[in-house]
Amino acid sequence: MSTINYSEKIPNNVNLSEDRTLQRALEQWQPNYLNWWNDMGPEGSQNFDVYLRTAVSVDPQGWAQFGHVKMPDYRWGIFLNPGEKDRKIHFGDHLGEAAWQDVPGEYRANLRRIIVTQGDTEPASVEQQRHLGLTAPSLYDLRNLFQVNVEEGRHLWAMVYLLHKFFGRDGREEGEALLQRRSGNADNPRILQAFNEKTPDWLSFFMFTYFTDRDGKFQLCALAESSFDPLARTTKFMLTEEAHHMFVGESGVSRVIQRTCQMMNELKTDDPAKLRAAGVVDLPTLQRYLNFHFSVTIDLFGADESSNAATFYSTGLKGRYEEGKRTDDHQLRGQTYPVLVVQGGQLVEKQVPMLNALNEVLRDDYIKDSVGGVERWNKVIEKAGIAFRLKTPHKAFHRNIGALAGVRVAPDGRVISQAEWNANVDQWLPSGSDRAFVAGLMGRVVEPGKFANWIAPPALGINRQPVDFAYVRFG
Ligand SMILES: [Fe+2]
Ligand SMILES: [Fe+2]
């Protein structure tokens with residue numbers, strides 16, 4: 001089960017050849033997927049030989065193989081973690097019953113919606129990032145971008161497999177629609193707002209892979225608990241790939257910080273204008289990018305009070321982060337959880353039924369996890385002897401979903417007037433001129449071992465290759 005069959009048109013470890021109808025349906029979807037990749041995947045890069053990892057097994061020891069491939073020839077396929085024998089449902093109303101190997105009729109619509117929503121984010125991020133290759137700061141970074149892109153493509157495969165296998169004709173139609181929506185398109189946009197935002201420069205890319213791919217991690221972790229066993233198994237394997245995406249983000253931002261601090265010490269200044277003139281990103285600008293990506297991403301967890309979240313949990317479709325490690329009753333009836341509301345011009349906590357607050361529970365778990373990396377970034381600044389510290393903004397800052405949508409809140413959590421917001425927003429979120437400055441730094445660096453001026457080289461190469469390895473060869 002853990003070995004992947006690469007002799008078939010669609011690599012898989014699900015015995016695809018034994019289900020001819022499914023195999024045919026997926027083989028019909030495959031050329032449409034490739035057309036989408038050619039239209040919307042990384043721009044102008046179809047002929048590059050890229051040093052990519054490909055999954056060859058779902059065994060945690062040695063699941064990947066590295067080698068130069070042209071991206072359209074990447075072997076996208078269907079890989080599920082091995083099933084757990086006699087797996088039992090471990091939360092919700094069906095606690096203790098056998099996990100489902102098929103979709104229960106009464107949960108079909110909700111499961112389909114969950115799978116489509118997750119699936120839609122995968123091609124969306126590829127579309128958002130498709131121009132970045134033109135301004136890569138190094139071959140090493142270019143390769144990492146492409147690795148993230150091909151794996152997001154594979155994540156789409158993972159969801160389309162479930163749609164085709166378990167949802168019949170509706171599933172096939174959803175599979176087509178996933179190739180038709182476009183990030184940022186006015187008529188047919190991607191489902192979630194953060195996936196319709198632009199990723200216009202590499203600083204945004206690193207922030208996105210740190211913050212927004214981490215939302216992916218938390219959603220996948222919650223789905224990995226699902227009573228619908230094929231969904232649990234496929235998301236578990238997706239998480240193996242996801243770890244690298246967050247690494248790209250965390251190390252990318254860290255290298256930008258490292259380079260900025262080096263320049264601050266060299267020039268003995270913290271004046272943003274002088275640092276910008278020297279071609280590095282000043283720390284206050286980094287903080288504004290952080291504020292933007294953090295706030296847009298925490299919106300992805302949905303409304304703080306949600307009856308859908310309660311239904312998804314109680315019916316066993318979607319668990320909590322690390323459900324299996326928690327020691328409560330895994331049903332949560334009669335329990336409460338605090339959410340934030342504005343009362344008398346202040347943010348106050350209100351206790352609501354926990355089942356209805358499960359989006360907020362997941363958001364809070366996410367926030368704890370993402371703060372960890374920010375502290376590691378601060379270590380880089382501290383080590384350089386600089387007093388500045390980065391900070392995640394208050395969770396009510398710049399929110400567009402739930403009870404806090406439209407409430408004006410400063411990064412420190414004070415509820416403020418529209419006038420105060422207007423007077424300060426350029427200190428808190430990237431302004432047009434910040435974005436123009438960062439865009440101006442972007443330029444293509446393709447000589448092996450060379451890096452753009454605004455970013456430090458990484459400490460190590462990929463798969464123990466040297467940093468100056470030819471990670472991408474141009475055709
Ligand atoms: Fe993904
Ligand atoms: Fe990802």
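His330 is buried, with a relative accessible area of 13%, where buried denotes under 20% relative accessible area, exposed over 50% and partly exposed the range in between (1.4 Å probe, protein chains only). His330 lies in the loop between H9 and E3 and has a positive phi of about 60° although it is not a glycine. Glu322 is likewise found in the loop between helix H9 (307-314) and strand E3 (336-343), helices (H or I, at least four residues) and strands (E, at least two) being DSSP runs numbered from the N terminus. Glu322 has a positive phi of about 50°, although it is not a glycine, and counts as partly exposed at 31% relative accessibility.

The model is predicted, with local features requiring pLDDT of at least 70 and side-chain atom pairs counted only at pLDDT 80 or more, whereas totals for chains, interfaces and linings use all residues. Residues are numbered from 1 along each chain as its sequence is written, chains are lettered from A and ligands numbered from 1 in the order in which they are written, and side-chain values use heavy atoms, with hydrogens and water left out.

The iron ion (ligand 1) is coordinated by Glu122 (OE), Glu152 (OE) and His155 (ND1), at 2.0 to 2.2 Å; donors are N, O and S atoms within 2.8 Å of the metal (3.2 Å for Na, K and Ca), and sites may look incomplete, since water is not among the atoms. Distant parts of the chain are linked by the pair Glu122, in helix H2 (residues 108-128), and His155, in helix H3 (residues 139-166), which are 33 residues apart. Glu122 counts as buried at 3% relative accessibility, as does His155 at 0%. The iron ion (ligand 1) and the iron ion (ligand 2) are 3.5 Å apart, with Glu152 coordinating both.

The axes of H3 and helix H5 (residues 202-223) come within 12 Å and cross at roughly 45°, axes being lines fitted to C-alpha atoms, for helices over the stretch in contact, with angles from 0 to 180 degrees between N-to-C directions. H3 and H5 are therefore oblique to each other, given that angles under 35 degrees count as roughly parallel, over 145 as roughly antiparallel, 65 to 115 as roughly perpendicular and the rest as oblique. The contact (heavy atoms within 4.5 Å) is made by Asp141, Leu142, Leu145, Val148 and Glu152 of H3 and by Trp202, Phe205, Phe206, Thr209 and Asp213 of H5. The axes of H3 and helix H4 (residues 168-180), in turn, come within 6 Å and cross at roughly 155°, so that H3 and H4 are roughly antiparallel to each other.
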